[in-house]
Amino acid sequence: MADGGKMLSSLFMVGVSAILFWMAALTLWWMLHAWRTPETLAATSFGAADGVCGLEFSLLVPARHEQEVLEHTVTRLLESSHTAYEILVIVGHDDPLTAEVAARMADRAPGRVRVITDTHEVKNKPKALNTALPHCRGEVVGVFDAEDQVHPELLAHVDHAFRASGAAVVQGGVQLINFHSSWYSLRNCLEYFFWFRSRLHLHASKGFIPLGGNTVFVRTEVLRAAGGWDQDCLAEDCDLGVRLSTGGAKVVVAYDSSMVTREETPGTLYSLLKQRTRWNQGFLQVYRKKEWKRLPSLRQRLLARWTLTTPFLQAFSGVVIPIDLLLALTVKLPVSVALFSFVPAVPALATFAFEAVALHDFGVQYDLRVRPVHYLKLIAGGPLYQVVLAGAALRAVWREHRGDRGWELTRHVGAHLG
Amino acid sequence: MTTLLDTASRAPITPPGVRPTLLKHSLRRIGPDGWTAVAVTAVVLVVQGWNIAGFPAVSDDEGTYLAQAWAVQHHRGLAPYTYWYDHPPLGWLQLAVLSWLPGLFASSAHVLTAELRIAMLPVTAGGALLLHLLGRRIGLSRWAAALAVLLFGLSPLAVGLQRELFLDNFAVLWILAAFVLAASPRKHLWHHVAAGLCAGVAVLSKETVAVVLPALLLLLWQHCDRTTRKFSLVGFTAALALVGLGYPMYAALKGELFPGPGHVSLLGGLLFQLQREGSGSVLTSGSGSRRVLESWLYYDRVLILGGLAAALPLLGARRLRAVALAVLLLAAVVLRPGAGYLPAMYVIQALPFLALSLAGLAQLGARLALHAVPRLGLRPLRWGVLVLAAALAAGWTLPRWYAGDRTALTVDANAPYDAAARWIRANVPDPAHTRITVDDALWPDLVRDGFEPGSGVIWFYKVDLDPAVSRTLPQGWRSLDYIVSTPIVRQDPGALPTVRAALAHSVVVASFGDSAADRIEIRRIVKDASP
């Protein structure tokens, strides 16, 4: 190849390697936030509850075609040790089977469980939540999904966290558990582990946080003042967090493996892809709403920009890495350039190592048996999972570009129950 | 467990009001610990810096590393000749980075190799400061940590070796940084990862420092919290391994990982070092290793024997165990049966750990004397014993060290080299077209004088051992114009036939130095002589 071509390839390699290195290194840095020091780790969990039921809770449980799991979820909620709470099950007017289960639960626990019917023509989760918001009597609104397994002690701890910190928002941990179901569920579980166990705490401490979709608690007055959830956003949870934290609301995140809300991974790879597409599209929408630009400091705005565009950075690296490898293998580059092109592999390989440790830790904390084959799956599945993520990111950009903003709901079969 | 919850809004870190100026602020931050460290480091620097170019005599290895640093700076690869993976290259890469420094104090009184030693002063200073910090982090009191720095930097053995352009000095700096980071009081994950990075750089500066890695790992283990230990250990190991992998990666990219016809290889270099003819056991009198050991002990017994003796009991002291282990590991490598080649600079890596061990034992002894069996009282007697012991130790050590350090501060051991370099500069008319073979220590001077690097001024052993060089000498020794005969050139002529022939077919045109053994002769090749 001509010298000019070689020079260009070299420059391309060096530039791309530098970008990829920083992406991987920053992501790693943030994903390990909780384990930075023993103090940081200790601070990520709930404080010991004092047994005082100082606040009254309104728990929203939107359910759509989820008659199979709803009863179990509400029953678990009713086992809560807290005394002052109500459960508002939100069902659609066109969903008689779920409505029937909800009505039965309301009969069983009169006064504690109420049924709210959502009559919107086109339904989605934020609309359901907004429908129920005016009916909430409690001082704190909590959101759960119909398939969630909630720990009986959770409310007591959240109550204490609100009173001890004076926070406006408390985000509890959510954890996918069924890591053994498939190769991607293993990776999906670990993603949640890193996100709720570690990364969200960093966001809380930096004052910019995309909230999770459930096990999230907001003071009712704050929520009403903010106008509830954005009905047109595909990631209404993330949007709410961005709006509240941008407005200066104090957010507390607490993770305790004994008290996380347990969930299941999507049943098929395609439904994972759909779910991820929806989130990515939602993140893109939140990014384009530009609420985050009101954050006071440049660092916060950079964090917001980075976090909200992460799926697209993933897609970028998905496109660029193959080109990079192709160049490295076909063009005879100077040794120093070739050596530099391997620099991004350093944080990437370190990430693998830390994922393996986290998988071990996950097994210990949830008392699950992690076998050597799972570590193998973790490593082997890594690149493949990146492809899925990049695919979902590209799909999200495509759908948003076409103005396709409908909900692709994930179906739940209850693999985590039992 | 009391809980600190993450919060979205935090109090501003800097309280409002007048900010102190940056200088004042940073001066205040240094604190008494910092000032102690700076003070003892300054003492070490003065002693090591004074007459740094005059003593000790330049060694061939210094010249080699300097030439390799020169090659890096001038984009000629990792060495002026084919780099054959004799050592990993990070040491002289650092030397290349530091080589601007001696320029600030430029003088041509001494050969360049000796002048460039000024570049080692920041390395020694960094090492001394880190050593103090490490001492504090593993539980030494301020005076004991200061004592460790003085032992480390003022021992005549250290003054000699730390002045020289040796890779081991860089390795010591990085391994000390790794130890300091591993003992992070915050038990911070990224400090532990950084410890791995530093350890990796240390090993790639001089591979033999890998001997103390188990001790580093022990220290890390001790300084991890139970809850985050897994992450710290994996972070450390990953960082160390990934930095270390850079070296074979480099070789693989050049197609030089495995031996093959017509090229050098990393594995070949490694095998050479491992199969290098052993210098015998230190326990056998008269062996090469024994001579090396005796040369160390000639310069200083206190640090070597005292530190070694201190390490054994310190294995029982939890906080000092890692340091003691480092000493014993380094000693075990020397003492193991069938020990291989023992280089003279090997002891450099042991110096900081010997110093810490000795200072640690002194602290334990002092505590024992003052606080054992508190019911007994007897404070004046206890202090009396302590002062007496300190006086005895000082009385034993100081006269010897004074004599050794005075030599280092006053003797000009490089006069013959300096004179030879001056003579060549003044008397060889056309350096650009003259071919001269010299030892590595003189090489940088002649490059500065305008000889063609590599083929005009030639490392003597390359004449016979490097095919790329012999090719440029079609008529063998007759292709050369001069040979500078120094002790190392004369050391083993049997293995170098061309060099031997050049010595035989040449006449002395200038000679420097008094004793026959140390003499430096500049010899002109007589080309019309019969073979």
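Predicted model: local features only at pLDDT ≥ 70, side-chain atom pairs only at ≥ 80, totals over all residues.

Colleague: Fine, start with chain B, then: how many helices and strands does chain B have?

Modeller: Chain B has 24 helices and five strands. Its radius of gyration is 26 Å, close to the 24 Å that the globule rule gives for 531 residues, so chain B is as compact as a globular protein of that length. Along the principal axes, the C-alpha trace of chain B spans about 90 × 60 × 55 Å.

Colleague: And what share of the residues of chain B count as buried?

Modeller: Of the 531 residues in chain B, 45% count as buried. If you take the contacts in chain B with a separation of 6 or more, 71% of them are between residues 24 or more positions apart.

Colleague: Which domains does the assignment give for chain B?

Modeller: The domain assignment of chain B gives domain 1, covering 30-366 + 379-410, and domain 2, covering 415-525. The C-alpha centres of these two domains of chain B lie 33 Å apart, and 17 residues of domain 1 are in contact with 20 residues of domain 2.

Colleague: What supplies the domain 1 side of that contact?

Modeller: Helix 2 (60-73) and helix 5 (112-115) of chain B each supply at least two residues of the side that touches domain 2, and helix 2 of chain B gives the most, with seven residues. By class, that side of domain 1 of chain B has nine nonpolar, six polar and two charged residues.

Colleague: Now the other chain. How many residues of chain B are in contact with chain A?

Modeller: 25 residues of chain B are in contact with 39 residues of chain A. On the chain B side, helix 10 (189-205) and helix 12 (229-253) each supply at least two residues, with helix 12 of chain B giving the most, eight residues. That side of chain B has 13 nonpolar, six polar and six charged residues.

Colleague: Can we zoom in a bit? Is Ala215(B) buried or exposed?

Modeller: Ala215(B), which is in helix 11 (residues 213-222) of chain B, counts as buried because it has 23 C-beta neighbours inside 10 Å. Leaving aside neighbours within four places in sequence, Ala215(B) is in contact with Ala322(B), Leu325(B), Ala326(B) and Leu329(B).

Colleague: Last topic, strand 5 of chain A: which strands is it joined to by bridges?

Modeller: Three bridges join strand 5 of chain A to strand 7 (residues 216-219) of chain A, and these run antiparallel; four bridges join strand 5 of chain A to strand 8 (residues 251-254) of chain A, and those run parallel. In strand 7 of chain A, Val216(A) is the bridge partner of Gln171(A), while in strand 8 of chain A, Ala254(A) is the bridge partner of Gly172(A).

Colleague: What about the faces of strand 5 of chain A, are they covered or open?

Modeller: Both faces of strand 5 (residues 169-172) of chain A are covered, with Val169(A) and Gln171(A) buried on one side and Val170(A) and Gly172(A) buried on the other. In a regular strand the side chains alternate between the two faces of the sheet.

Technical notes
Residues numbered from 1 in each chain as written. Chains lettered and ligands numbered in written order. Buried ≥ 20, exposed ≤ 12 C-beta atoms within 10 Å, placed from the backbone. Contact = placed C-beta atoms within 7 Å. Pairing = 2+ DSSP bridges. Nonpolar A, V, L, I, M, F, W, Y, C, P; charged D, E, K, R; others polar. Rg over C-alpha atoms; globule rule 2.2 N^0.38 Å. Domains from an automatic or database assignment.
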